[in-house]
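This report takes a brisk look at one protein model. Keep the sequence and the 3D view at hand while reading.

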Amino acid sequence: MRAIIATLGILFAAQGAAFAQEPAERLRPLAWIGGEWEGSGKYGNEEFTETTTYEWSHGKNFIKWSAEARMGDQVVHSETGMLGWDEAKGRLVSFSFSMDGTIGHAEDQAAEEKDTWVWLGNVGNTPPWHDTRQVMKRVDDDTFSIEVQTKHEGQYETFFNGSYTRKKKE
């Protein structure tokens, strides 16, 4: 029995080492995002700053992020999340866990524009976050933008607009 367990352990370790060599195929288009970023923009009419870190996780099969948004000296939002390929759905999916206890979920909609990702999702079940669309655009290796839209009376309206620059590469 111990020999079987040891053999399985060696096989799983070898398989894990093989996976760790390269990012998961479906995440390669997002490999550039690894590192620390600073962002700024507006939540509605209010100015904000945000620090976000993206890093590989679980043998490069997921991207983990942590973000903290501030208005002045006050932290107004923080979250941690994971992004990965959902084989059953055939798309990238994301889950986020926020400081207020809400859990967010979003799915990539395969944007036609190069270096653009469109996510449809929700955070909790109360307006305005229960129905959102997020458009992320890579400008270059050290810059990206995000526009978050919330649905109001059946139409998406911009709620959050931000621009991010790289502080440090992963």
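This is a predicted model: local features need pLDDT of at least 70, side-chain atom pairs count only at pLDDT 80 or more; totals for chains, interfaces and linings use all residues.

Are Y54 and F144 buried or exposed? Both residues are buried.

## Aromatic pairs

A pair of aromatic rings is described by how far apart the centres lie and by the angle between the planes. The count for this model comes to 7 aromatic pairs. Y54 and F144 make up an edge-to-face pair. Their centres are 6.3 Å apart, with 70 degrees between the planes. Y54 belongs to strand β2 (residues 46–57) and F144 to strand β9 (residues 143–152), so this pair ties together parts that are 90 residues apart in sequence.

F144 also pairs with Y164, and here the rings are stacked. Y164 sits in strand β10 (residues 155–169), 20 residues from F144 in β9, and the pair links distant parts of the chain.

Why does F144 count as buried? Its relative accessible area is 1%, and buried means under 20%. Y164 counts as buried too, at 1% relative accessibility.

Ring pairs join W32, W37, Y54, W117, F144 and Y164 into a cluster.

## A charge over a ring

R26 meets an aromatic ring in another way. Its charged end sits over the ring of W85. The distance to the ring centre is 4.2 Å.

## Strand pairing around β2

Strand β2 pairs with β1 and with β3. Strand β1 (residues 35–43) runs antiparallel to β2, joined by 9 bridges. S40 stands opposite T49 of β2.

Strand β3 (residues 62–71) pairs with β2 over 9 bridges, also in the antiparallel sense. T52 has A67 in β3 as its bridge partner. How many residues lie between β2 and β3 in their hairpin? There are 4. In the turn, H58 has a positive phi of about 50 degrees.

## The largest pocket

Rolling a probe the size of a water molecule over the atoms shows where empty space remains. The largest pocket holds about 960 Å³ of space. It is lined by 39 residues. Which of them are closest to the pocket centre? They are H77, E79, S96, V123 and Q134.

The lining of the largest pocket divides into 21 nonpolar, 15 polar and 3 charged residues.

How values were computed: Residues are numbered from 1 along each chain as its sequence is written. Side-chain values use heavy atoms; hydrogens and water are left out. Rings of Phe, Tyr and Trp (its six-membered ring) pair if their centres lie within 6.5 Å; planes under 30 degrees apart count as stacked, over 60 as edge-to-face and the rest as tilted. Helices (H or I, at least four residues) and strands (E, at least two) are DSSP runs, numbered from the N terminus. Buried means under 20% relative accessible area, exposed over 50%, partly exposed in between (1.4 Å probe, protein chains only). A charge sits over a ring if NZ of Lys or CZ of Arg is within 6 Å of the ring centre and within 35 degrees of the ring normal. Two strands pair if DSSP finds at least two bridges between them. On a 1 Å grid over the protein atoms alone, a cavity is a set of points where a 1.4 Å probe fits but cannot get out, and a pocket is an open set with protein on both sides within 12 Å along at least five of seven lines; lining residues have an atom within 4 Å of a point. Grid points are joined across faces, edges and corners, and a volume is the space filled by probe spheres set on the points. Ala, Val, Leu, Ile, Met, Phe, Trp, Tyr, Cys and Pro count as nonpolar, Asp, Glu, Lys and Arg as charged, and the others, Gly among them, as polar.
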